[in-house]
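Reader: I would like a close look at one chain, at the level of residues and packing geometry. Please keep to what can be computed from the model, and state the cut-offs.

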Amino acid sequence: MEDKLIRLTVNGRDEAVVIRPLATLQDVLRDTLELTAVKSGCGQGGCGSCSVLVDGELRLSCLTLAERAEGAEVTTLEGLNETNAIVPLQQAFVENYAAQCGYCTAGMVVAAKALLDRNPAPSRDEIVEGLSGNLCRCTGFAPIVRAVQQAAQALSDTGEEAS
Amino acid sequence: MSMKELGVVGRNVGQRDLESHARGQTTYYEDVHYPRMLHLKMHRSAEPHANIVKVDTRKAAASPGVVCVLTHEDLPGKKVWNGLAAVGVGPEDEPVLAFDKVRWRGEPIVAVIAETPEAARAGAAKVEVEYDPLPGVFDVEEAISGSAPALTAHWPHNHYIYPDDHAASQIRFGDVEKGFAEADHIVEDKYQTSPIEQAPMETNGCIAKPGGDGRITVHTNTQAVHFARDNTAAILGLAPGKLRFLGGTVGGGFGGKVDVAVEPISVLAAMRTGRPVKFKYTREEEMQVSSTRSAWRLYIKDGVMNDGRIVARKITSYQDSGAYLRFSSYGSMKHAGHMPGPYTMPNVWVDARVVFTNRPPSSAMRGFGVMAASFAIELQMDKVAKTIGMDPWQLRLLNAYRNGDMRAHRKVNEDAAMVETIQAAARLAGHELPAEYQAMTSWDRKAS
Amino acid sequence: MPELLRPGSIDEAADLIARHGAAASVLAGGTSLMRETYPSDGGYLIGVDRLGLDKVVSHDGGWSVGAAVPLSVLREAVPIAALQAATREIGGPAVQNMATVGGNLFARAPFGDLAPALLALGARLVFATAGGETTQSIEDFYAGWADGAPPRAGLLTRIEIDAPTGASAYMKCARRRYSTPSVVTVAACVEKDGGTVSGARIALSGASAHPFRCAGAERAVIGSGLDEAAVTAAAAAAESAVEPQTDSVASEWYRRRMTGVFVRRVLAALA
Amino acid sequence: MAKVRGTGFAAVNYPTGMHLGGDPTQSLIHMTPAGDFVCTMASVDLGQGLRTVLAQIAAETLGVPYESIVVETADTDTGPHCTGTFASRTTHRAGNAVVMAAAEARKAMLEVAGELLEASPEDLETDGAGNIHIKGVAEKSVSVGEVAGAAHFGYGKTIAGRGAYLKPPSPMDPETGECDPDSTQAHACTVVEVEVDTETGVVEVIDMKSVYEVGQQVNPDLVKGQIVGGSWMGIGHALYETTAPGYPAIDPAPVDFQNYLQPGAAEMPEVACEVLEYPAESGPYGGKGVGEMVTNGPIPAIVNAINNALDVRITQIPVTPEVVLRALDEKRAQAEG
């Protein structure tokens, strides 16, 4: 088993990284590329704190082999702020106090983006279902659901994309 | 207290870290990157209670990528400790790394430090421990029944010993037996809470980074940086000034990050290797190894008059401390001191015991000692109301403590607003109270 | 640490599985295998992401579902309510994008919610082996499980699902609404001739070491009008047929009781 | 399928600060040459927002804009001692230390301003917007920035303050328990409605209303955040959470979030809350602690509501569906027996 070179696109940048055998996408993003918004709350696929988009789809980076992300387009939370401007979805999290300790937030915002990209006008229950793989221990979820509702409303008002 | 006109206190100014959270830019302990960082994994006891016959670390040390293996023999300072020793709580009863005996499944025995987390895990799995299993005890009342094996010589009857040889943290106020004799009704029940995991989204962890000048910087998610630093120094026999603890932004605590569970061994590993060392609990460790909220069992006996006055309350409670003390004696004192809840009673008797079992050690969580007390008391209040056929709202208002009342711990009550809070909740819930109950205030006991 | 092998063809994969035997684990979506504790210190992970098994083909009379089709794709591609309900209740959206149909059929108890739906639909499993392709009914596949572990039948390549000839229903007893392990899951497919049940498949998961069709419950409803007596008899038959385990989610006692309750509810939905 | 509803409530009090006191927190505040202030602490932010709350308290006492306060915390090399973030103590203990440090820094600031304005410091007031003027004479004014510049470059003075808050330790009499345990008490009353499925034993919390009394709120939105988060955690504790489902047996032992069950967003009802303010004599601007008590009302309120719905007597948590069904079975057996 040897280290391997893989190429992938992360937040719009082409990256070539050397990976250890069985390295996860999370290892590559957090440790190699230092994209530390990708959190590591359980390593079991149970908390969603490591959520990223792979080719536009919500994935858990802790359960994704880096080798299998070769050639993929990966978006982490950092990828939402390429121009530094805070996006409406993030702004809605701020305005609704949808974070306390903040550890779940990066995964939560990415999961919300995945939901809104697919369904720009979700019902409350669709939001609850869309975020059901992401745990939060502080807020009681209600502010998070409200933030996503507000973001969806803002997007429909302006016709913009989620991020 | 008369309040002057306030400016920014009382205003909603937002929360400072929210934007950096939403952007994923908040820096937690493990978001710093150091080259040549090593990773620590712990080999833990597979038995809940056993004598350790032999520990063989040779295969672990020879495992690919393993740099260093630490057992109790490598500890330069204390072999056993308690976090509150500096403020006089003792005796120190918990091994930093187990040596002669293990007392709970998951107890740390050998630390394995390697180039990668996977190599450290593989190395830790190769530590061989030979056990001579002992019978375990898991139930608090069984543990103190006299027929259970004693966990340590410190506690021959498996319960904590308070000053003056008391078996419990006590409250003795009035005469409960006299109160029971006078009461129209006796209401009794048993209550049980469960061990609960704080479950912060970020598990316990730290990175210990040698500075090259003999000092070590520890990035940690402890809830108490000075406490963690001073205990780490005391455990390792270091001058505290050798250590700098950096923290302050934590991915959730809830009481689960007070144990100084990861820092001492990481600092020792960093001192040994001269390299940064990271020790991060897996979620599995966080669930089954890190302290839980203590489980509590309570027996409550009330003497109640026909008019609803509770004239005597006797409480015996058992806090399941698990195998070691940690902060349990503090928790039981807080628990006892909280009794009998937000109510005034002339006769109160409390025995709050800390009991040792072969379970993972328990500790603080959000509302240490008080959550279980509130749970039991408020279920008991409903039973009292039902027994005497009284509206449970009125029962609570009648008995609610007032300013100026003497509490069971003999402090005169101040800052009370229980009556107003209950009245407001009744209004919010649409529960109509009779006029005399609406007219009650937290200041009316002295007037009546 | 196991070694990752990523064969480029089905034949190569089948050959690797045959060669490495018990040392090989098939890595599909990774939602079970990739957990921090890898399955073993050594051995082989055989990745099936390069085999073209991620397609659903719709044809006259049914669907041919590649074993590596993610659950979220299955939901979109195969419009059978019981299957759609089953996929919605396994993990959150990220897991549903990753976990595969094939992988879910190998999940250990109490996971594997897809199986009862596919058992009720009478699905067939197609395996690639070193000796060629074999097809097995899904109930025969589960009948071959021993000690809670699947048989070594080769590489599961696709699942053949016929268009249902009757009405089907699926229910999961769980402690939470979403992203929740099952207490028990029950699926049924019932064919009726007039008001009388002429054929029934009633399947359970979570309540025994592996998913299975409950013959006793099926016998109880065939020939009936799914009346109260028949449904009660089916629930009782299911309760006595299961061998539940106690775990953190539910006890043996509770699982058995919920088996009866949910067999009753599923059949009531089809009455 | 039968679903029945019930209501329950619970009234709780909660002590502020570590039991028996003896838990110090200290604070250092200094003014930069640009006229903003750095409040240096060792307190840890667990997400409850202490950087925000302490900045509000510092700004209030200093009489300067909230935005001009930086809270720098949790470096043991620079931060003065804090016992730690627990026991609902940070707003109270750290807040009081900040009040003291800010008062001392304010005094130094007003002394320099007095020299600039040729007035006695006692005759000066701050407008909270970055200016200091002579009481009643708004045009006799100097900005905080000008004071900072003068202090640093003109007079060579520090504008700084030290604060240390300690509730003196109170021993607990081992015989009677006599002690002075806490600084103040906060209060809450939570009312809950549940719906129980009597076939499956599943409990749904369909409504939760709470009233809290937490003294003067420093930041009402953050108080509400604690209340809502605690309501959810209370549902978790009451109905789901345990590391030992077979307690006191040590198995089964959940090790992941699939087996250690917590409620999800779908299990969270709308939470209404109302907050009363009876300022505490000992608190910073009358504040009490709120962070821990927020699970304590919901848990017994939920169990009382279940008992009310089913006319049973459950006295343990978590009230799993199995606990509900066994209680119903027992009630049925008693009715038949």
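Author: In chain D, helix α1 packs against helix α2 (residues 90-117), with an angle of about 35 degrees between them and 8 Å between their axes. Axes are lines fitted to C-alpha atoms, for helices over the stretch in contact, and angles run from 0 to 180 degrees between N-to-C directions. Helices (H or I, at least four residues) and strands (E, at least two) are DSSP runs numbered from the N terminus. This is a predicted model, in which local features need pLDDT of at least 70 and side-chain atom pairs count only at pLDDT 80 or more, while totals for chains, interfaces and linings use all residues. Residues are numbered from 1 along each chain as its sequence is written; chains are lettered from A and ligands numbered from 1 in the order in which they are written.

On the α1(D) side, the residues that meet α2(D) are Leu50(D), Val53(D), Leu54(D), Ile57(D), Ala58(D), Thr61(D) and Leu62(D). Facing them in α2(D) are Thr90(D), Thr91(D), Ala94(D), Gly95(D), Val98(D), Val99(D), Ala102(D), Ala103(D), Ala105(D) and Arg106(D). Contact here requires C-beta atoms, placed from the backbone, within 7 Å. By class, the residues of this helix contact are twelve nonpolar, four polar and one charged (Ala, Val, Leu, Ile, Met, Phe, Trp, Tyr, Cys and Pro are nonpolar, Asp, Glu, Lys and Arg charged, the others, including Gly, polar).

Leu54(D) and Ala94(D), both part of that helix contact, are also among the contacts of Met41(D). Met41(D) belongs to strand β3 (residues 37-41) of chain D. Met41(D) counts as buried because 31 other C-beta atoms lie within 10 Å (20 or more is buried, 12 or fewer exposed, anything between partly exposed). Apart from neighbours within four places in sequence, Met41(D) also touches Ser27(D), Val71(D), Thr73(D), Gly79(D) and Cys82(D). Cys82(D) lies 41 residues from Met41(D) in sequence, yet the C-alpha to C-alpha distance is 7.3 Å.

Further along chain D, three strands make an open antiparallel sheet in the order β5-β6-β7. Strands β5 (124-126) and β7 (137-143) are at the edges with a single partner strand each, so one side of each has no neighbour in the sheet. Between neighbouring strands of this sheet the average turn is 35 degrees, direction ignored. Four bridges join β6(D), residues 131-134, to β7(D) in the antiparallel sense (pairing takes at least two DSSP bridges). One bridge links His133(D) with Ser141(D) in β7(D). Helix α3(D), residues 144-155, packs on this sheet, where the helix touches β6(D) and β7(D). The directions of α3(D) and β7(D) make about 50 degrees.

Chain D also meets chain B, through 94 residues of chain D and 93 residues of chain B. On the chain D side, the elements giving two or more residues are the strands β1 (3-15), β9 (185-197), β10 (203-213) and β11 (271-276), together with the helices α1 (50-62), α4 (220-239) and α5 (298-310). The most comes from β1(D), with seven residues. Sorted by class, this side of chain D has 47 nonpolar, 31 polar and 16 charged residues.

Technical notes
Two residues are in contact if their C-beta atoms, placed from the backbone, lie within 7 Å.
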